[in-house]
Amino acid sequence: MALDPAQPTSVAGFRQRPDAVESSGVPAGPPILEVAALGVTFGGVRPVVDVSFSVKRAAITGLIGPNGAGKSTLLNVIAGAVRPSAGSVAFEGKRITRPSAHAVARLGITRTFQLSGEFGGLTVLENMLMGARAQRGESVIGALLGRRYWGAQERALITRAKELLEECGLVSKLDDYARDLSGGQRRIVEILRATMADPKLLLLDEPFAGINKSTARGIETYLATLRARGMTMIMVEHELASVDRMCEDVLVMARGSVIGRGTMRDLRGSRDIRQAYLAG
Amino acid sequence: MNWGFFATTVIIYVVTSLIAAWGLDLQFGSTGVLNFSFIIFVAAGAYTAAILTLGSPSGPGNVAQQQYFAGATLPFPLPWIGAMVVGGILGLLVGLVALKRLRGDYEAIVMLVVSLMALYIVLSDVGFLNGASGLALIPSPLQSGGNLTGGTGYGWFYSGLTVVVGVIVGFVMHRLMESPLGRALRAVRENERAAEAMGRNTAALRLLVFALGGSLGALSGAILVGFINAWSPGAWGFAETFLLFAAVIVGGQGNLVGVAVGAFIIFGLIIQGVLFLPQIGGDSALTECLQWITAGLLILLSMWLRPQGIIPERRRRLSRWIAPARRKRNGSGLLRWR
């Protein structure tokens, strides 16, 4: 059963916005992402083999499978960090197989990382601001023109970042170095940072790995809120209970291929999928 | 002792070294690019300024019959500007080769090799920049005749000019580092993959700091050569890069004031100060060795006792930009933190 953001949550203190719990209003329309016959080869290893699927808008698509199934590699290809050896990826109808990671990000695809993706030597607020794009002070000329040129935008971004951090109870950490946060806090900052860019597609690589259940439930609730606001997500995750609560559509990968697709209830009934998990 | 000459020498030497150290800090301290070839940009600036003031090698002004591939007699400050342009272009070229695909240790090794290649090219091809003899009788800016260091009056003028340039460079560096661009550079240093995923073209940012740092190194060389009026391969060995690294590490990476303190300690107190010590055992070479030994020990001690440097990188408290946040103890949002 997918998590319903309209239902009261058991996580203490989570403040849902009224607009968050209503329907996103995003029309079903064509899929936001289409992956066709995708293959990746590293030397003699083929972590992804002939993978095809599409992702519908304003939904969280789960991507599960045993270790080494090729889930993270697939996510890396979509994010532009790895170039495929075959096939194509199309985002909103535009082929994005060749662009680099930063170009993909500018198209509206943002990601989080399986391992720490924070900027440890930057403060929490600075981390958040790195999520925002097209900043006036990021060109040499803009920087040299000084705060009069970029200060207003910076102030607006700081205000927005603070609001997001407030929503997740991290407002007391604004000026703390990200490296001084706990694992769960870092994970939250990373997700919030990704949302600063207002991505059309958010790629989440094991967002619940290594964090306690309370934090995980909080993140679940927040992600459900983002989905309700119309954000599309692909989530690689090993915690199947979370996938069950959050994702209506789940892809199962094993040995580089997609071996099943459906709801968690459907997938649990499949013998092939149970075998794939047990056999690795 | 001519204290006026000593003071102007120290001022010019420290400030030019500081300009170069700021350039290196932009690459190493702020962006995390380990550039062991930095001194070649200083040398490129010095040689460029030299040949842009010496005049044509076949012209009547070349009384010493020095060999160099081309020359001109440009008025001040064009030789300095030319030096900065050459330093920037060289930075882009070296960066395109070394930064595009390599990272970390491999990148550092390539930089070291580039430095050695540049040195041996200049040493081997005498017709290029007069080989091991180097270039001499380089005219000082805004001084007709150009007889070595000129008088103390000119020395004070030149040191004042150097300080003014240093202040301008410091202002520009401050603007860059305290802007969103500076933040993006620090993000590249902290986690390049994440910066890329946040839409930053990290390859372009690394190239940018290579070009900017190269320009600053070249400017430093151009100013220095206008004072000492000579430049040869002996002035830009790997040891000089090591001293610049020492200034950045000891002073405080990523902190402009820290790097200034480091530059004063390394270039003012150690390199210049040691020259005034009495000879050890009647051997002047031993006293000179003290420069390197002291600088090396200082780096070791700094790494051991205070790796962040004397004045570490400043924490940017951006929350001050907006109204003070209502401090909510333990948070009341998504999660409660202990």
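Where in chain B is B:Ser140 found?

Mentor: B:Ser140 sits in the loop between helix H5 (126-129) and H6 of chain B, helices being DSSP runs of H or I with at least four residues, numbered from the N terminus. The model is predicted, with local features needing pLDDT of at least 70 and side-chain atom pairs pLDDT 80 or more, while totals for chains, interfaces and linings use all residues. Residues count from 1 along each chain as written, chains are lettered from A and ligands numbered from 1 in written order, and side-chain values use heavy atoms without hydrogens or water.

B:Ser140 has a relative accessible area of 5%, so the residue is buried (under 20%, 1.4 Å probe, protein chains only). Its side chain has a polar atom 2.7 Å from the backbone oxygen of B:Gly226. The side chain of B:Asn229 makes a polar contact of 2.8 Å with that of B:Ser140. B:Phe76 is 64 residues away from B:Ser140 along the chain, yet their C-alpha atoms are 9.4 Å apart.

Now the interface. Chain B gives 44 residues to the contact and chain A gives 66 (heavy atoms within 4.5 Å). Three salt bridges are found across the interface, each a Lys or Arg side-chain nitrogen within 4 Å of an Asp or Glu carboxyl oxygen. One of them pairs A:Glu154 with B:Arg183, at 2.7 Å from N to O. On the side of chain B that touches chain A, helix H6 (152-177), helix H7 (180-190) and helix H8 (192-197) each give two or more residues. H7(B) provides the largest share, seven residues.

Terms used: Buried means under 20% relative accessible area, exposed over 50%, partly exposed in between (1.4 Å probe, protein chains only). A polar contact is a pair of N or O atoms within 3.5 Å; within protein, one must be able to donate a hydrogen and the other to accept it, and residues adjacent in sequence count only if both atoms are side-chain atoms.
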